[in-house]
Every structure is written in structure tokens, then in C-alpha cells.
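Student: Please show me how to read a structure one feature at a time, with the general idea before the particular case.

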Amino acid sequence: MVKAIFFDVLGTVVDWHRGLSSGFERALAKAGQDLSPEALASAWYQTYRARLPAVAGGSTAVTVLAESLSDVLEEAKLHGQVGGKDREALLACWQRFPAWPDSVPGLRALRREYVIVSCTEAPTATMTWLAKHAALPWDLVFGADLLEGRIADGSLFHKAAATLGLGPGEVMYASAHNGDLAAARAAGLKTAFFARPKEFGADQRSDLAPTDNWDIVAFDMLDLARYMESAVF
């Protein structure tokens, strides 16, 4: 029986695209540049996520975040036009992403019966401050730096479950990303999917629908809570 639900956060629980786009909009206005903040937001996120699996430790992940920003600014020919304070403000955006409208009420409903956990490869410190800002009512925040595990090989899931004294079969992983759920299922977890069709703004091309028969396919977080009220797993 499921006793805990682990969650992907970026894109699933919070709207990183809107958060980063707003940050770039402010930075571009100061620099006097007429570029697309949405395109820069997507480029930074994708560059960072592509590099993240190769690093270990929260401080290293934060360093990669800053390096990825520098690469994106250089590619956009903004390297000398976005100063240190504006870069700091952009980096701080990762701790201030807005939650999707259904996320907080959905998490509160689920928390009444389940232990709910942020379980991602993003730095634990970043996810903790993000939770504080967005009022995400986690019972625990686990990051790859804290548990020294990875999603791809299932080690993050196994270590997080063991920390709670649970077996993989007593945990469900909820994500808007089919790839995350494939790794969770391979690790022995139950799986729940709901789409975030505007995660990448108007440029969303993937994860618009489930690609496998996940244990639950919900409409959003509140719908997941309704499923779990009567579900037996």
C-alpha cells in the first residue's frame, strides 16, 4: 500500500518557465535589449538540465546553474550587458518560481493521508527555499546532493524510500514527465502522471500525454488527490 508520494518539482509543481521569463524580462529591460525572455528561459533551463546528471553535490549543481546562465547570455550576445547584480537576480529566480494554481491545494489534500516529499536532482537548498517561497507543504525535501542518488538508475528513489523506512512499492512518484515515471517504475515505485501543457510556454512539444499505462493518469494535482482518496495500491 502506498504510504508516501514523491514529487518531481520543476514543471510538475512549479512554473519555472514563467519564473525565468519574468527574470529575463527585467534583465533585458535594464540592458535595453529586445530579445525573447521566453526563449532565453527555455534555453537556460534546458542547458542546465542537460548538464545536471553529470554533477554531484549541491554546490556543484549551483555552479552549473551559473555556468549555464553565462553560456546562454554569451550565445545571445548579452555577456557584457547583463551585470553581476542582474545575474544574481536571475539565479535567485530558481528559489522563487510560482506554483501552478492547483499545486498547493492539491498537495494539502494529499498530505492529509500521505507523506509528501520533494524528490528531485535539483539542489536541496534551492528546493527548500523554493518551497518556502511558493508555500509548498512538503513533509520532507530530498535532493540528489543530500542522498547521493540519481533518478536515471533509481538510486535516488531507493535511498529516499529507505530514509523513511519504506520499500519502493510503498511509494508513488508523481511527475509531468514520462521519462521520470519510467525510471520510477523501473525502480519499483507506483506512478502518477498529469500533464503540464504550458511548461515550456507556447513551445511545449513533449509530455503532452502519457506515453505508458501509468498507475494513475490525472488531470492535475487536485484530480490526483481525488484519485488517491479512494485508490487502493
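This is a predicted model: local features need pLDDT of at least 70, side-chain atom pairs count only at pLDDT 80 or more; totals for chains, interfaces and linings use all residues.

Student: Where is Lys77 found, and what is its phi?

Tutor: Lys77 is found in the loop that links H3 and helix H4 (84–92). Lys77 also has a positive phi, about 60°, without being a glycine, and Lys77 is exposed, its relative accessible area being 67%.

Student: How should I read the sheet, and what is the order of its strands?

Tutor: Strands of a sheet pair through backbone hydrogen bonds, either parallel or antiparallel. Here 6 strands form an open sheet with the order E3-E2-E1-E4-E5-E6 and parallel pairing, two strands counting as paired if DSSP finds at least two bridges between them. The edge strands, each of which pairs on one side only, are strand E3 (140–143) and strand E6 (216–217).

Student: How many bridges join E2 to E3, and how many join E4 to E5?

Tutor: Strand E2 (residues 115–120) runs parallel to E3 and is joined to it by 4 bridges, with Cys119 having Phe142 of E3 as its bridge partner. Further along, 4 bridges join E4 to strand E5 (residues 190–193), again running parallel, and Met172 stands opposite Lys190 in E5. Finally, E5 and E6 run parallel and are joined by 2 bridges, and there Ala192 has Ile216 of E6 as its bridge partner.

Student: Which residues have the most contacts inside the largest nonpolar core?

Tutor: A nonpolar core is a set of buried Ala, Val, Leu, Ile, Met, Phe, Trp, Tyr and Cys residues joined through side-chain atoms within 4.5 Å. The largest one has 56 residues, and those with the most contacts inside it are Phe7, Leu110, Leu136, Trp138 and Leu224. The elements that each supply at least two residues of this core include strand E1 (4–7), helix H1 (16–31), helix H3 (58–75) and helix H10 (221–230), with the largest share, 6 residues, coming from H3. Apart from this core lies another, of 22 residues, among them Ala4, Ile151, Val171 and Ala184.

Student: How many residues line the largest pocket?

Tutor: Rolling a probe the size of a water molecule over the atoms shows where empty space is left. On a 1 Å grid over the protein atoms alone, a pocket is an open set of points where a 1.4 Å probe fits, with protein on both sides within 12 Å along at least five of seven lines, and lining residues have an atom within 4 Å of a point. The largest pocket is lined by 14 residues, of which Tyr45, Arg49, His177, Asp180 and Asp207 lie nearest its centre. Helix H2 (37–51) and helix H9 (178–186) are the elements that give two or more residues to this lining, and H2 provides the largest share, 3 residues.

How values were computed:
Residues are numbered from 1 along each chain as its sequence is written. Side-chain values use heavy atoms; hydrogens and water are left out. Buried means under 20% relative accessible area, exposed over 50%, partly exposed in between (1.4 Å probe, protein chains only).
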